[in-house]
Amino acid sequence: MKFPKQGEIFDHYFDAEGSKTFAPWTGVVPEYVPMGDGDFASVMVPTADSVRLSFLSDMLVKMNNPVMFVGGAGTGKTTLARTYMKEMDPDKMLSWTINMNYYTDARSLQAQLEQPI
């Protein structure tokens, strides 16, 4: 198996069902379809990175493995997780977003954990 010469290995996936070769993630990015009156903060424009991370997250979740996104502020971690959870079956999965940062202390974390209860 030969790796593609252009880009990095993370820019490609193995197309097991089609050509049986490495193909770029950019080839499987769905076209953006505006949702209409949605909140601007909830807009998710698919990119090669978001498609790759969603695919890997889905694989990990299906194998009952935890998923943790790590990155700087504004890289889309929360948006990816919320979008993924929105697509889950609500009868099988419950979720709650807890935003944390450097200043989150035990008292504020406890309040956020108890909020949905």
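Contact here means heavy atoms within 4.5 Å. The legends describe a predicted model, in which local features need pLDDT of at least 70, side-chain atom pairs count only at pLDDT 80 or more, and totals for chains, interfaces and linings use all residues. Residues are numbered from 1 along each chain as its sequence is written, and side-chain values use heavy atoms, with hydrogens and water left out.

**View 1**
Leaving aside residues up to four places away in sequence, Tyr13 touches Thr21, Phe22, Ala23, Pro24, Trp25 and Val28. Tyr13 counts as buried because its relative accessibility is 18%; buried means under 20% relative accessible area, exposed over 50%, and partly exposed in between (1.4 Å probe, protein chains only). Tyr13 also belongs to the largest nonpolar core, together with Ala23, Trp25, Ala48 and Val51, five residues in total. A nonpolar core is a set of buried Ala, Val, Leu, Ile, Met, Phe, Trp, Tyr and Cys residues joined through side-chain atoms within 4.5 Å. In soluble globular proteins, nonpolar side chains tend to be buried together.

The structure holds four aromatic pairs. Rings of Phe, Tyr and Trp (its six-membered ring) pair if their centres lie within 6.5 Å; planes under 30 degrees apart count as stacked, over 60 as edge-to-face and the rest as tilted. One of the pairs joins Tyr13 and Trp25 in a tilted arrangement, 4.8 Å centre to centre and with 40 degrees between the planes. This pair links distant parts of the chain, 12 residues apart: Tyr13 lies in strand S1 (residues 12-14), and Trp25 lies in the loop between strand S2 (22-24) and H1. Helices (H or I, at least four residues) and strands (E, at least two) are DSSP runs, numbered from the N terminus. Trp25 counts as buried because its relative accessible area is 7%. Another pair, Tyr102 and Tyr103, is edge-to-face, with 5.2 Å centre to centre and 85 degrees between the planes. Both Tyr102 and Tyr103 are exposed. Tyr13, Trp25 and Phe55 form one aromatic cluster.

**View 1. His12 in strand S1.**
His12 is found in strand S1 and counts as buried because its relative accessibility is 14%. Its side chain reaches the backbone oxygen of Glu8 at 3.1 Å. Such a polar contact is a pair of N or O atoms within 3.5 Å; within protein, one must be able to donate a hydrogen and the other to accept it, and residues adjacent in sequence count only if both atoms are side-chain atoms. Beyond four places in sequence, the residues that His12 touches are Pro4, Gln6, Gly7, Phe22, Ala23, Pro24 and Trp25.

Two salt bridges are present in the structure, each being a side-chain nitrogen of Lys or Arg within 4 Å of a carboxyl oxygen of Asp or Glu. In one, Asp49 joins Arg52, the closest N and O atoms being 2.5 Å apart. Asp49 and Arg52 are separated by about one helical turn because they are three residues apart in helix H1. Asp49 counts as partly exposed at 44% relative accessibility, whereas Arg52 is buried, with a relative accessible area of 16%. In the other, Lys62 joins Asp58, with the closest N and O atoms 3.1 Å apart. Lys62 and Asp58 are four residues apart in helix H1, so about one helical turn separates them. Lys62 counts as exposed at 65% relative accessibility, and Asp58 as partly exposed at 27%.

**View 2. Ser57 and its contacts.**
Ser57 is placed in helix H1 (residues 48-62) and counts as buried because its relative accessibility is 6%. Not counting residues up to four places away in sequence, Ser57 touches Val67, Phe69 and Tyr84. The C-alpha atoms of Ser57 and Tyr84 are separated by 8.4 Å, although these residues are 27 residues apart along the chain.

Most residues other than glycine have a negative phi, and most peptide bonds are trans. Lys20, a residue other than glycine, has a positive phi near 60 degrees. Lys20 is placed in the loop between S1 and S2 and is partly exposed, with a relative accessible area of 48%. Asn64, also not a glycine, has a positive phi of about 60 degrees. The place of Asn64 is in the loop between H1 and helix H2 (77-86), and Asn64 counts as exposed because its relative accessibility is 71%.
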